[in-house]
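Please read them with the structure open.

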Amino acid sequence: MNPDSVADSMKNGVSDVMLQQILIYNQRHDPLTGLLTFPAFKDALTGMLADVRPDEEQAVVWIDLLNVRREFSLWGWDAAESLIRGVGLSLESGLARNTLIGRFGGRCFAFAVRAAKTDLAARKHIQDVVDTISRLGAHELDTTPLLSAGVAFYPSDASGAEELIRFASMAAGCARHTHGAMVLPFQHGMNNVLVRHHKLEVEIGKALAQDQFTMFYQPNVDLITGKVLGAEALMRWNHPEWGPVAPSEFIPVAERSNLIHGLFDFSLRSALKRARAWNRAGIAPGIIAVNVSPANLRRDDFPRRVRSLMEELPIAPMQLELEITESLLLDDEQLFAARMRQLKTIGVRLAIDDFGTRYTGFNLLKRLPLDAMKIDRCFIRGIHRSEDMRVLCRTIVAMARQMKLRTVAEGIEEMEELEVLQEIGCDDGQGYLFQRPLPMGDFEDFLRAWPKRSVSFGFEIAQAS
Ligand code: C2E
Ligand code: MG
Ligand code: MG
């Protein structure tokens, strides 16, 4: 044989094998991190599941990096890639050698560890690994979690490799909505929750475009005189097929997408239009209160948005009150205090909503430009039956008075509750006892009928005035 052709065939032979190996390697490994791709991870996991003894469990942890896109938009492609590489390295160094680790798609990672659902030490280790990653790429001003993570177990949750990975990813999807960077264990039913969330998101978008939302109004009554001092505007959604959907269901879904800004525009615009019409008709109930979501307030342009809607549909700024839920204040004190001061320059009133559900310190409250404090329903319910609750409420009212804040009791349902609140010195009250939230026409009827009705609550003075 010609030596040249031997050399040629050897060269070709070697390069074919090598090429094949390179191809296989590339199919099985992510080029950026060297971690396994989905098919390779799944194959290897299938092998591992076959070895799980009856007294053991296999966990798969799924991590969704939520900040890759932000990293890219702020700092460019290199920064996004370096974040991804950093996560890969951190996983490799935080986990035992030969742990199965994969990267699937742009921002998802997974790893597999032998751990039982009930093994708390293993669960803590998993959380520690995830915590280390959540610190990568974090900036000082971050208020939202940078990743979400879920875990599922074989055989207690899933019966095969693909299902195990899918359930871990489903848990991570749910964690994104509710649990920050906590590794959320999979639960059956999560699938339905995610499907429902997705459907709601799509439908809220349509509902905004198709005018399916309306505002209802609930009166706010002066507990000494019985006068209606204002109305809280509450959003209602009547879905053409599902019927009424509660704000407690759709507001949190809207908060996780940009839809919440559309909802705020709608509620403020409707409330301003209503206030103007009532002002013109001479039946204005006083202050109109509109609820603000944390996600609204977080946006830089929120105060500008309020200002421009007020210019479009002007009312006296002091006639508008924005209700900001207490839970929000603790998330990022400085940001929200700054936003509230910006809003205050417009001249609108600010109220802290659901007060008592978190533990906002007196010192923080003092620094905020607030006008009113709405005491959460959980302190009002059954207050006449609980001495402790009465003491607590009395303290809240005294504290608010010191800060020159008007106190509003939320959710008064019984006459006895009203009597205790009057005795305590709470300024105003809202609740089913006086009136459930009503559509605008019915609310006007309510306003007309109230002076007579208020007598049945012992408000003689309101009648006379
Ligand atoms: P919230 O702002 O604290 O509103 C008071 C809630 O308590 C309303 O529920 C109201 O209907 C209800 N309520 C009033 N009196 C009573 C009572 O005596 N007993 C009981 N059990 N409940 C009473 P709703 O309308 O279902 O709204 C729930 C929450 O959804 C609101 O709590 C608010 O946080 C949010 N929400 C409602 N409308 C809007 C909106 O337009 N924008 C935003 N961002 N959030 C809204
Ligand atoms: Mg409210
Ligand atoms: Mg409230």
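**Notes on the fold and the ligand site**

1. Start with the contacts. Count those in the protein chain between residues at least 6 apart in sequence: 65% of them join residues at least 24 apart. Keep in mind that this is a predicted model.

2. Next, the overall dimensions. The protein chain has a radius of gyration of 29 Å, whereas a compact globule of 465 residues would have one near 23 Å. Along the principal axes, the C-alpha atoms fill a box of roughly 120 × 50 × 45 Å.

3. Composition of the fold. The protein chain holds 19 helices and 15 strands. Of its 465 residues, 37% are buried.

4. The ligand site. Ligand 1 is surrounded by 24 residues. The closest are Met235, Pro247, Asn291, Gly431 and Tyr432. By class, the shell has 10 nonpolar, eight polar and six charged residues.

5. Which elements supply at least two residues each of the shell around ligand 1? They are strand 7 (228-239), helix 8 (247-255), helix 9 (259-281), strand 9 (287-292) and strand 11 (349-355). Helix 8 gives the most, with three residues.

6. A residue to check is Ala246, in the loop between strand 8 (243-245) and helix 8. Is Ala246 buried or exposed? Ala246 is exposed, because 9 other C-beta atoms lie within 10 Å, and the cut-off for exposed is 12 or fewer.

7. One distance for orientation. Ala246 and Lys452 are 206 residues apart in sequence. From C-alpha to C-alpha, Ala246 and Lys452 are 32 Å apart in space.

Definitions and conventions
Residues numbered from 1 in each chain as written. Chains lettered and ligands numbered in written order. Predicted model: local features only at pLDDT ≥ 70, side-chain atom pairs only at ≥ 80, totals over all residues. Near = placed C-beta within 6 Å. Helix = DSSP H or I, 4+ residues; strand = E, 2+ residues; numbered from the N terminus. Nonpolar A, V, L, I, M, F, W, Y, C, P; charged D, E, K, R; others polar. Rg over C-alpha atoms; globule rule 2.2 N^0.38 Å. Buried ≥ 20, exposed ≤ 12 C-beta atoms within 10 Å, placed from the backbone. Contact = placed C-beta atoms within 7 Å.
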